[in-house]
Amino acid sequence: AAAAAATAAAAEVTCATVSMFTLTLIDDDIPIHPANFGDDFRVRLKIEIQNKYVDRVVPNIGLCVAFYDFVEIREANVYPGDGKKSCGEAYCKVEFRLIMFSPALDEWLVGTIANSTQAGLSVSLGFFADIEIPSVNLRTPYLYDAAYKSWVWRYRSPETGEMVNFFYRKDELIRLRVTQVLFPPATGPKDRRRESTMKVVGAVDRDGLGCVSWWPETINDDNGANSAALGPAPLEDAPVADAPLAPLADVPRTDEAAAKG
């Protein structure tokens, strides 16, 4: 979804988080055009709030996905207009709550693989598509298959010792953990008015992470976190690595990445 910074000049924000969604309390002045003075007041306020916030990013909080409810509707002030930049709108002081997409660090998400490049994987949740998994955050050992244009986890079976290739195929469900949630910094008032996006960076470097089809089942550990069996489920179409794949010579490898396997 295209995201733009919410432009409320004096909005006060309070958050309460449940899972990857945040219930955010906002205090803002909402304008109502004179042509809409005859409408139901609450319905018109809700429409104006949705037009201003839904599918837009509130900096350092997240992406607004829906209006939730009104907390308080206070007085409205009507200001004279010049017929050009302003038309005598009524500005109503409103306290309301919004549902925000704001995943926590180390939270596990499930999306679909949208693209695979030499830099890594792009993942979409449907309503949010700015999720990137850099190649160094993939499960090791890994390589890039240029013929399939796909990343591959080369898993060695502890029972047989065979190396099996598990491909990150496009449109497959993938489970990842959140490592970063990034918001572009605003350096001045003009930047705050420009369109702004948020970006989620993920990793698939632990047991249970990666393509959902790889793992036989998931369970909850004592801390309530998702975990999985220590080995991936056998896949009929996962080729044993007898024939060499076409490796990417310049795939960045670090000591930290190598240690993740």
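These notebook entries follow what I looked up in a predicted model, from its nonpolar cores to its backbone exceptions.

Entry 1, cores. I began with the largest nonpolar core, which has 32 residues, and I noted that F101, L121, I133, L138, Y168, I174 and V204 are the ones with the most contacts inside it. Going through the strands, I found that β6 (108-117), β7 (120-124), β8 (131-134), β9 (142-145), β10 (150-156), β11 (163-167) and β12 (173-182) each supply at least two residues of this core. I then turned to another core that lies apart from it and has 16 residues, including Y53, V58, C64 and C92. As background I wrote down that nonpolar side chains tend to be buried together in soluble globular proteins.

I looked up the bond from T140 to P141 and recorded it as cis, with omega near -5°, and I placed P141 in the loop between β8 and β9.

I checked D55, which is not a glycine and yet has a positive phi of about 70°; I located D55 in the loop between α1 (41-53) and β3 (57-58). The relative accessible area of D55 is 39%, so I listed this residue as partly exposed. I next checked N60, also a residue other than glycine, whose phi is positive and near 65°, and I found N60 in the loop between β3 and β4 (62-78). Because N60 has a relative accessible area of 66%, I listed N60 as exposed, the cut-off for that word being over 50%.

Technical notes:
Residues numbered from 1 in each chain as written. Predicted model: local features only at pLDDT ≥ 70, side-chain atom pairs only at ≥ 80, totals over all residues. Heavy atoms only, no water. Core = buried A, V, L, I, M, F, W, Y, C linked by side-chain atoms within 4.5 Å. Buried < 20%, exposed > 50% of the residue type's maximum accessible area, 1.4 Å probe, protein only. Helix = DSSP H or I, 4+ residues; strand = E, 2+ residues; numbered from the N terminus.
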